[in-house]
Each structure stands twice: as C-alpha cells, then as structure tokens.
Amino acid sequence: MYDRHFVTPVGNRGMYVLDTSSWRTHRPVMDKATCVNCGICMGYCPVNSVRWSEGGGYYISYDYCKGCGICAAECPRGAISMEREGGEE
Amino acid sequence: MNYLDILKNSPDMVSPGISACQGCGGELVLRRVLQVAGENTIVAVPPGCMAGSGVVGWSHDSGMKIPVHIPLLDNTASFLSGLSHIYRRSGREDVNIVAIAGDGASADCGFQSLSGAAERGEHMLYVCYDNEGYMNTGYQRSSTTTEGSRTSTTPLGRRFSGKQQPQKYVPLIMSMHGAAYCATATPANMPDLIRKIQKGLAASKTGFAYLHVFSPCPTGWSFAPDRTIEVARRAVKSNMFPLWERDGDGWTLNYVNERPIPVSEFVEGIGKFSKLSERQLASIQRAADERYAAVSALASIQNRA
Ligand SMILES: Cc1ncc(C[n+]2csc(CCOP(=O)(O)OP(=O)(O)O)c2C)c(N)n1
Ligand code: SF4
Ligand code: SF4
Ligand code: SF4
Ligand SMILES: [Mg+2]
C-alpha cells in the first residue's frame, strides 16, 4: 500500500494535459498577407498558442488554442479573423 | 533584449492544456511569469483558479515542468520562507523561489504570512494575480473587489446592490513594507510586465519582491473573453490601476497619465458593474483619482531627492 506513489504522489506518471482545443466554437485564422509579424498576438495569447518560426514568422497552433479571440481583437492590422468551427462530423 | 525575443527564447513551464477559462487573465500572467523565471525555479500556487486549473497537478500527473507545490490558502509566503532559507543555506541562491497567488490568498486569508515575509525581507518573488474575488469557489467578493461589483456574496438587491465597501489598495500597502522591490503590472502592458518580472526575480536574490498584477476574469466579471486585454488597458488609462514600481531608489510612475479616461469607460461592458449607482460610480472615480495622486506624489519625492 505504501509504495512509491505515496512518496512522490504528483508527477510520477507524467504531465497533466487537457485537450482544450475541443472548447473552441471559433478558430483564429491568420492572414499572412496582412500580418506584419509585430508579435503582439504572441505576447497576449494566454495559452501560448501563437508561435514563432524562423522561416515563416508568427503562426497559430491549434493543438490547445481555446478560441478566446484575444489575438484577433488585439492584432493592430486586423490580420486575424475568428471563423466558426465545423463541429463534430 | 526586446520582450518578444525574450518570450521567443523562453519555453513554457506550464502544461499546454489547463482548464482556466477562455481569455483568462490569470493564465496569461502565470505563463509569462514562469517563462521568464525559467526551469531553475520552484513555484508555489495556493488554492484558487490557477491551482484548480491543474497546474499543481491532477491525480498522479504534474501540471508543470518544474517543481510546483500547493500550500494552504493562508500560508504561501510562510511556506516559501522556509524553502528559501533551506536553499540559501545550501548555497543554492540561484534557484528562483516564486509564488503565484490570487488576491484571496494574498490580500485576505494569506495576508498575515505575506506581510510577515515581506517585512522580514525573505528572498522570493511573490506575484499576486488579482482577479478581484474568490473566483475558483464561485466569484465571492474579496477585499480587492471594486466597490459596487456584483459577486455571489454581494448580489444586486434593492437595499444593497453590489459590494458596499471600497477596494483595498493592496500594492501601496505592500510597498510600505520596505521590500526590495514592489510593483504593479497588467497583461495589457506586456513589455512593462516582462521587465518587472525580470527585475522582481533579480531583487528576490537580495530580499522580498512583490508584483501585483491586474488580472481580468471574463467569467466572474461577465465580459467577452476577447476583451481581457482591453479591460486591463482601460484600468490603467482610467487610473483604476496605475502602473508604478518601488525599488531601492524610490517610487517611479511607469505610465504618466496626462489625459485619464473616466472610470465610466472602464466599467463599460463589464457585467459585474451593470447596475452601478451614480453614487457608486462617483466613489470609484474618487478612489482612482486618489491612488493616482498618491503614487504621483511618492514618485515626485524621489525626483526631488
Ligand atoms: C482556508 C481556506 N478557506 C477556503 C478555501 C476554499 N478555497 C479554495 S480556492 C478559494 C478561492 C481563492 O481565491 P483567490 O486566492 O483570489 O484565487 P482565485 O480563485 O480568484 O484565482 C477558496 C476560498 C481554502 N482552500 N482554504
Ligand atoms: S498581431 Fe497581427 S500583425 Fe502582429 S504578428 Fe499577430 S497577426 Fe501579425
Ligand atoms: S484564440 Fe485565444 S487561445 Fe487561440 S491563439 Fe488566439 S489568443 Fe491564443
Ligand atoms: S473564473 Fe476567471 S480567473 Fe478563474 S479561470 Fe475563469 S477566467 Fe480565469
Ligand atoms: Mg481571486
């Protein structure tokens, strides 16, 4: 009964990760033609779903994005639009 | 380094999927503080929305890539004081000792331990994410809830409508503890926030560093989740939440507000303020004017010296 689980109860199995992408009703879509790579959306994303790549600049990762719309509301160029998710097929 | 370069080069220390609501100001603050602190960090997150969102672990899983502990709602700063002493005695002052605690855990229940640790000058960075209420247990009022706010313990009624008392302005109280560093910040002013996290971490090696961060809560305050940053921006522009810092050299006003917007523009669109009376609005305006005047006066003393 008193095995290692009780010595280090938290973290011995790995990382707790919730699939928050399933919360989205809308997804942010970035128009790279309008984007000026200012990075404001990256700084403000609470989920860290706006990422940077050396070759392509800023982009949105949909793995955990909750669809809050902050990036779209704060982009000074209006380069991000919130588009309705298709939902379950 | 530019704040964007800092963020690009600072991996997230928190699990990518945590259950904080869409647009949560607290989640944004949590991730930024720990990104800047990095992996050589031990963090305490007392009960509250951030702990409850899974970052302190869930079942046998951890919610962070760094050591994290959930102390009690009332003893975060005491717990970290002990931890900080052990690390200093072991010659490990390089390890960042960080608290990320709500307003309830800081300004109310945990205030005795926080005040004690600040006055003793314990080596740590204590970050209070202030969402103005006990959000994790269902949006009860706290001492930092703005006057007139609708919460579950201050409902809108005919005799009493919203919180009856003015907000306790905690950051100025904390600044009077003589700590190594004390500052206010908001997620809307991101470069300023990142700089203050860095400065706070540096100060935590020689004494107590305190950061009070305005953290809008779309769910508890009733506003659309995409407005979190705008709400924080208006809090600064209306002087509801002036940006300032106090270090060894004295007070500095970080945002000189030459043309403040009226607080009526701050409360606009926030559901918890939907039934404010004229008297309540005037009282909130007065509190905002007073705190800006107080902090400006303190900053001018420094300049005179
Ligand atoms: C002594 C004690 N009283 C009550 C609770 C229940 N409780 C858990 S989280 C919480 C709310 C804490 O509010 P705050 O620190 O502001 O964090 P928030 O939930 O707003 O993020 C309360 C009251 C507790 N854990 N301990
Ligand atoms: S805020 Fe807008 S312009 Fe700036 S990087 Fe993001 S999408 Fe591009
Ligand atoms: S919608 Fe919200 S969570 Fe998704 S990328 Fe934009 S800011 Fe981040
Ligand atoms: S209730 Fe408020 S503070 Fe709590 S997770 Fe939701 S938005 Fe964040
Ligand atoms: Mg709170």
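Two strands count as paired if DSSP finds at least two bridges between them; helices (H or I, at least four residues) and strands (E, at least two) are DSSP runs numbered from the N terminus. This is a predicted model, in which local features need pLDDT of at least 70 and side-chain atom pairs count only at pLDDT 80 or more, while totals for chains, interfaces and linings use all residues. Residues are numbered from 1 along each chain as its sequence is written, chains are lettered from A and ligands numbered from 1 in the order in which they are written, and side-chain values use heavy atoms, leaving out hydrogens and water.

**The sheet of chain B**

In chain B, eight strands make up an open sheet with mixed pairing, ordered β3-β1-β4-β5-β7-β6-β8-β9. The edge positions belong to β3 (68-69) and β9 (250-253) of chain B, each with a single partner strand, so one side of each has no neighbour in the sheet. Within chain B, β4 (residues 96-102) and β5 (residues 124-130) are parallel and share five bridges. B:Gly102 has B:Tyr129 of β5(B) as its bridge partner.

Helix α8 (residues 190-203) of chain B packs on this sheet, in contact (heavy atoms within 4.5 Å) with β4, β5, β6 (181-185), β7 and β8 (244-247) of chain B. Its direction makes about 160° with that of β6(B); axes are lines fitted to C-alpha atoms, for helices over the stretch in contact, and angles run from 0 to 180 degrees between N-to-C directions. Helix α4 (residues 76-89) of chain B lies across β1 (41-44), β3, β4 and β5 of chain B, at about 175° to β4(B).

**Ligand 1**

| Residue | Distance to an oxygen atom of ligand 1 |
|---|---|
| B:Cys49 (backbone N or O) | 2.9 Å |
| B:Ala105 (polar backbone atom) | 2.9 Å |
| B:Gly133 (polar backbone atom) | 2.8 Å |

The protein covers 73% of the 580 Å² of accessible area (Shrake-Rupley method, 1.4 Å probe) that ligand 1 has on its own.

**Helix α10 of chain B**

B:Asn239, which follows α10(B), has a positive phi near 70°.

Note on methods: A polar contact is a pair of N or O atoms within 3.5 Å; within protein, one must be able to donate a hydrogen and the other to accept it, and residues adjacent in sequence count only if both atoms are side-chain atoms.
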